Amino acid sequence: MSSHLYIEGAESKEDQIRCREGFRKLLEKAGFEGRLPRLSACGSRNSAFSDFQTAHKNSKGGDFVAMLIDSEDPVADPEQAWLHLKTRDGWERPVGVTDEQVLLMTTTMETWVVADRDGLHRLYTHELHANALPPTNDLENRTRDEVFDKLKHATRDCSNKYQKGKRSFIALAELDPTVLKSLLPSFARAMRVLDAKL
């Protein structure tokens, strides 16, 4: 039996390496050390979906193939991931695929980053304008643009200010999964699904 997670993000080879490393570190902290799935950074959301479909088609019984992608918009019910993808993107659920094979970063990976204030302080120290960050309550119902803009604004005076790519994956590796589970229902669901499948 094998497990493989196709992740949205990272266009360049260097960023793909950083993406896998950031997610690996986060998943190890979440308790998956020694049973990590194979991680593939796929670039765009559509590329992740395409790679996932191909892998699912070629998988053997007992394999766990999943994709981890931004939801892009708030999700009505995290347990009905395919309904969200059908409604928002017009994506059809491949034959034999379950909702548990879609793990959503709601609404974006930056939602995870802004949820962990201690992680941000470790990364940005006293230069962080924490009061510019969105409140931690109801984070998954904030738009991706709001979350990203506020995170960028909060790190505006930092020498390593936040941006997608290298710095986003460095930030990801700093996060505390316990904090994320307590604040983000979609993250808690993703960890629950992986715990059951790996």
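Guide: A nonpolar core is a set of buried Ala, Val, Leu, Ile, Met, Phe, Trp, Tyr and Cys residues joined through side-chain atoms within 4.5 Å. Buried means under 20% relative accessible area, exposed over 50%, and partly exposed in between, with a 1.4 Å probe and protein chains only. This is a predicted model, where local features need pLDDT of at least 70, side-chain atom pairs count only at pLDDT 80 or more, and totals for chains, interfaces and linings use all residues. Residues are numbered from 1 along each chain as its sequence is written, and side-chain values use heavy atoms, leaving out hydrogens and water.

Visitor: Which residues touch the most other members of the largest nonpolar core?
Guide: Phe23, Leu68, Trp112, Tyr162, Leu172 and Met191, out of 45 residues in that core. Helix H1 gives the most to it, with six residues. Helices (H or I, at least four residues) and strands (E, at least two) are DSSP runs, numbered from the N terminus.

Visitor: What else is there apart from that core?
Guide: Another core, of 17 residues, which include Phe52, Ala55, Ile69 and Trp91.

Visitor: OK, rings. How many aromatic pairs are there?
Guide: Six. Rings of Phe, Tyr and Trp (its six-membered ring) pair if their centres lie within 6.5 Å; planes under 30 degrees apart count as stacked, over 60 as edge-to-face and the rest as tilted. Phe23 and Trp112 are edge-to-face, at 6.2 Å centre to centre with 70 degrees between the planes.

Visitor: Why does that pair tie together parts that are apart in sequence?
Guide: Phe23 is in helix H1 and Trp112 in helix H4 (residues 109-115), so the pair joins parts 89 residues apart in sequence. Both residues are buried.

Visitor: What about Trp112 and Phe187?
Guide: Their ring centres are 4.8 Å apart and their planes are at 85 degrees, so this pair is edge-to-face. Phe187 lies in helix H9 (residues 185-197), 75 residues from Trp112.

Visitor: Which rings form a cluster?
Guide: Phe49, Phe52, Trp82 and Trp91 are linked into one by ring pairs.

Visitor: Switching to strands. In what order do they form the sheet?
Guide: E2-E1-E3-E4, an open sheet of four strands with parallel pairing. Two strands pair if DSSP finds at least two bridges between them. The edge strands, E2 (38-41) and E4 (102-105), each pair on one side only.

Visitor: How many bridges join E1 and E2?
Guide: Four, with E1 covering residues 3-7. Leu5 has Leu39 in E2 as its bridge partner.
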